[in-house]
Amino acid sequence: MEGKVIHRFSKRFSKKAFFENLILNILRISTYLVILFAGFIFLDIGINGSKAIFKSQAPFINTDFLTQKPETLHVFEPKHIDKKLKEINAKILSTNIENKNLSNLAIEDSKKNDLLIKSLQAKYHVLDKQRKEERLLFSDTEFRALEIKPSKSEYVYETYAYSGGGIGPAIIGTCLLVLGSIAIALSLGVLCAIYLSEYSRPGKVLQIIRLSILNLSGVPSIVFGLFGFGMFVLFFGWGVSMIAGWFTLAIMALPVIISASEESMRSIPKGFREGSLALGASKWTAIRTNVLPYALPGILTSSIMGIARVAGETAPIMFTAAFALRDQLPWEGLEKASDFIFQGVMALPYHIYVVSSKIPQNEYTENMQYGSAFVFLFIVGFFAISSIVLRIRVRKKYKW
Amino acid sequence: MSLDIQVKPAEAGSKVLPPEVIKIRNLDFSYGESQALFDISMDVYEKEVTAFIGPSGCGKSTFLRCFNRMNDLIDIAKIKSGTIKISDVDIYDEEIDVIELRKHVGMVFQKSNPFPKSIYDNIAYGMRIQGIKKSSELDSTVESCLKSAALWGEVKDRLNESALGLSGGQQQRLCIARALAVKPKILLMDEPCSALDPIATAKVEELIHELKKNYTIVVVTHNMQQAARVSDRTAFFYLGRLIEYGPTEQIFMNPENSQTEAYVSGRFG
Amino acid sequence: MKRYFHKELNDLKNKLILLGEKSNEIARLAMDGLLENDIEKVNKAAGMDDYLDDLEQEISYACIRYISLRAPVSSDLRLIFVALKASRDFERIGDEAHSITRKSSKILINDGKLSEQFNLQEMSNLACQLIKDAISCFVEEDLEKAFAVLKKDREIDTINQKHFELISDISMQEKISDPTRFNTLLISKSIERMGDHAKNIAREVIFLLSKE
């Protein structure tokens with residue numbers, strides 16, 4: 001403290017200030033941790049997923065992956081490399097075991113073994129790269145079209161379900177499901193919100209209704225799935241179909257939409273309503289001209305956000321709308337127009353679920369999982385961003 | 001020096017009363033269990049400015065809102081007894097079309113509430129919801145309303161700009177112009193100047209004075225001086241009762257009731 | 001910005017000027033009646049007093065009304081107070097004129113003439129001029145004229161002073177009855193009072209214009 005004059009206001013150590021600092025840093029660290037985790041997840045999906053979606057040649061986007069149907073992957077691996085790889089693998093294993101058996105005293109030997117393993121691993125990587133270059137991959141259709149199949153003497157032949165082709169139908173199915181449920185949930189939700197916030201009489205009944213709507217959003221998604229299955233699929237007899245999925249998703253999103261719409265309608269100044277009523281507008285006219293337009297940005301944003309989150313759910317569509325595999329695109333092979341909504345579709349969340357838990361895992365399915373997840377993330381992000389853009393647009397038009 | 005200036009004693013101008021436009025008889029009004037207005041009877045005269053003064057919560061705004069049935073918006077608000085007649089029609093009759101009533105009795109609110117639309121659309125709103133779409137008709141009404149609200153000169157070059165770009169006083173005059181567009185006979189003003197600065201207030205007061213020629217105006221105000229300046233008649237409310245009602249001069253210069261006296265002289269409470 | 005109620009101030013101003021004119025007229029009539037031996041003018045002057053009183057009442061009502069309804073400040077408020085006080089002064093001028101008329105009629109009935117030595121003619125001219133000046137300095141908002149009125153008033157005072165000194169001489173030399181002599185003196189005193197009122201008005205105009 002030399003050279004510093006201590007006066008009434010100079011800084012001193014105090015317990016209070018210390019705790020203040022401590023709490024601040026705890027808060028800061030937890031926030032950074034959350035960001036770190038989220039960033040890691042997104043980075044992981046992004047890096048691994050982009051392997052499936054992007055490629056190094058001209059269009060840079062693997063359009064096949066985005067458009068083709070999922071197919072069984074036929075893999076031919078060069079036999080000579082495969083053999084060598086297996087040998088190296090065996091050697092690494094045995095060295096490892098040897099290493100473990102060595103006593104602590106034999107430091108020299110252990111070091112030697114470590115070096116051996118390292119060199120073997122390096123060799124393995126080189127060969128593995130070579131294998132990846134020389135191997136032949138065929139999707140189902142390609143495989144059938146082949147005139148001369150690779151000889152079994154040169155190649156090791158294996159097939160992997162779901163790992164070939166692309167996720168085209170799943171993308172389309174997801175988009176259809178989201179759009180349909182947006183339409184249903186938005187119209188139902190907004191109508192309900194208008195009634196609740198503008199027409200209904202405040203009182204106990206309204207409070208109970210509000211509370212139960214809010215509680216609805218806490219119901220687990222699998223319950224919604226079961227409900228949709230029982231109600232739409234079985235009771236209404238719609239079968240596993242897009243429309244059953246729409247309604248299930250819509251009902252799941254309703255609580256969010258209703259409360260968000262109500263909130264944004266209530267945030268419209270009372271003066272707008274009174275102003276137009278005093279000019280001789282009927283109640284509906286006042287709402288139509290002076291409440292809804294200004295509440296729209298809020299309604300749209302929160303609703304689409306809500307839907308986008310719900311669209312990510314696997315459980316509600318698992319029983320109601322999603323097929324694990326469907327060859328045809330939704331508009332193919334329809335007998336009559338109404339069939340369109342009564343057909344099941346593939347959906348990305350369900351597809352991810354299937355490829356990651358229903359079939360044996362290997363390097364080929366991993367590609368498919370991450371690719372699907374990446375695309376799915378992208379779609380959900382797209383809906384979210386479009387809702388924000390929409391909000392900004394509408395907001396600009398109706399600003400107060 | 002001219003000696004031929006006509007001088008009339010101040011009392012001489014009084015007074016053949018103009019016809020009554022609003023007749024209120026024994027009005028009792030309540031919000032649910034709590035009664036807000038007690039046994040109010042008064043007449044509002046044609047083409048005069050009638051001011052309601054009184055401390056906050058004395059029921060003057062509630063009373064004003066009875067005239068165009070704005071209180072209908074509040075579920076628990078109810079007229080318990082008594083009648084309000086406008087042009088000899090009981091406006092709380094079941095046969096009354098509230099929309100027509102509100103067209104006849106325009107209202108301007110405490111907080112200027114222009115819609116977030118263009119100036120033009122704000123004024124045309126009242127006509128558009130009536131189904132008038134002809135642009136020539138809309139144009140001429142917008143112009144005449146803005147002119148009678150003394151706003152035309154200030155905004156004629158930016159009719160298509162947002163009304164929210166106007167200053168507070170201009171917004172309030174815009175709201176008055178908007179109310180005029182549906183051609184009312186009576187204008188209710190609920191503290192029209194409470195959020196305005198003195199200059200804007202003065203402009204609105206000038207406007208009220210100007211509009212008096214063609215409209216019957218009822219204005220609620222917290223500002224006693226404003227009531228004194230703009231009104232022909234003043235009613236003093238206290239705790240939901242009409243304490244005194246009479247020509248403004250009488251209320252401010254020589255009130256009969258001691259409560260009125262205390263209130264106007266600032267000795268209240 | 002000109003407010004609609006500023007018109008009321010103008011009305012008030014006009015009324016005040018009218019009152020001034022009328023008080024000037026009544027003073028002139030009363031004096032002329034006396035000096036010209038014209039009983040009709042005297043009577044006419046006597047009849048105008050009520051009108052003046054009414055006008056003064058009206059002005060003070062208007063002032064109070066303006067204060068209570070319009071909450072005037074600064075120059076408006078000064079004008080109101082000036083109007084209140086000046087109207088009172090004008091009305092007092094009227095009153096003085098009225099008392100002159102009463103005395104005049106007595107003089108006219110008793111003797112029918114005045115003492116030669118009283119300089120009433122000049123005095124009344126001066127007084128009327130003073131009143132006129134007081135009015136015009138108000139109308140024209142002329143500060144210098146107002147100060148001039150203050151000066152001129154002294155002349156009237158001097159003449160009045162002289163009259164007091166004269167009174168004993170007159171009784172010796174002329175054949176004029178005692179009541180007339182005293183009445184004449186009182187008239188002189190009244191004219192002097194009129195001058196004082198004019199001076200007061202000028203002072204109020206100075207207050208109005210110079211804010212002092």
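The model is a predicted one. Chain B holds an open sheet of four strands with antiparallel pairing and an open sheet of six strands with mixed pairing. Its contact with chain C takes 16 residues from chain B and 20 residues from chain C.

**Four-stranded sheet of chain B**
- The strands of this open sheet run in the order 2-1-4-5.
- Strand 2 (34-45) and strand 5 (89-90) of chain B each have a single partner strand, so one side of each is left without a neighbour in the sheet.
- Eight bridges join strand 1 (residues 20-31) of chain B to strand 2 of chain B in the antiparallel sense.
- Phe29(B) has Leu37(B), in strand 2 of chain B, as its bridge partner.

**Six-stranded sheet of chain B**
- The strand order in this open sheet is 6-7-8-3-9-10.
- At the edges stand strand 6 (105-108) and strand 10 (241-247) of chain B; each has a single partner strand, so one side of each lacks a neighbour in the sheet.
- From one strand to the next, the twist averages 15 degrees.
- Strand 7 (residues 186-190) and strand 8 (residues 216-220) of chain B pair in the parallel sense over five bridges.
- Opposite Asp190(B) stands Val220(B), in strand 8 of chain B.

- On the side of chain B that touches chain C, the elements giving two or more residues are helix 7 (198-211), helix 8 (224-230) and helix 9 (248-253) of chain B.
- Helix 9 of chain B provides the largest share of that side, four residues.
- That side of chain B has 10 nonpolar, three polar and three charged residues.

Note on methods: Residues are numbered from 1 along each chain as its sequence is written. Chains are lettered from A and ligands numbered from 1 in the order in which they are written. This is a predicted model: local features need pLDDT of at least 70, side-chain atom pairs count only at pLDDT 80 or more; totals for chains, interfaces and linings use all residues. Two residues are in contact if their C-beta atoms, placed from the backbone, lie within 7 Å. Ala, Val, Leu, Ile, Met, Phe, Trp, Tyr, Cys and Pro count as nonpolar, Asp, Glu, Lys and Arg as charged, and the others, Gly among them, as polar. Two strands pair if DSSP finds at least two bridges between them. Axes are lines fitted to C-alpha atoms, for helices over the stretch in contact, and angles run from 0 to 180 degrees between N-to-C directions.
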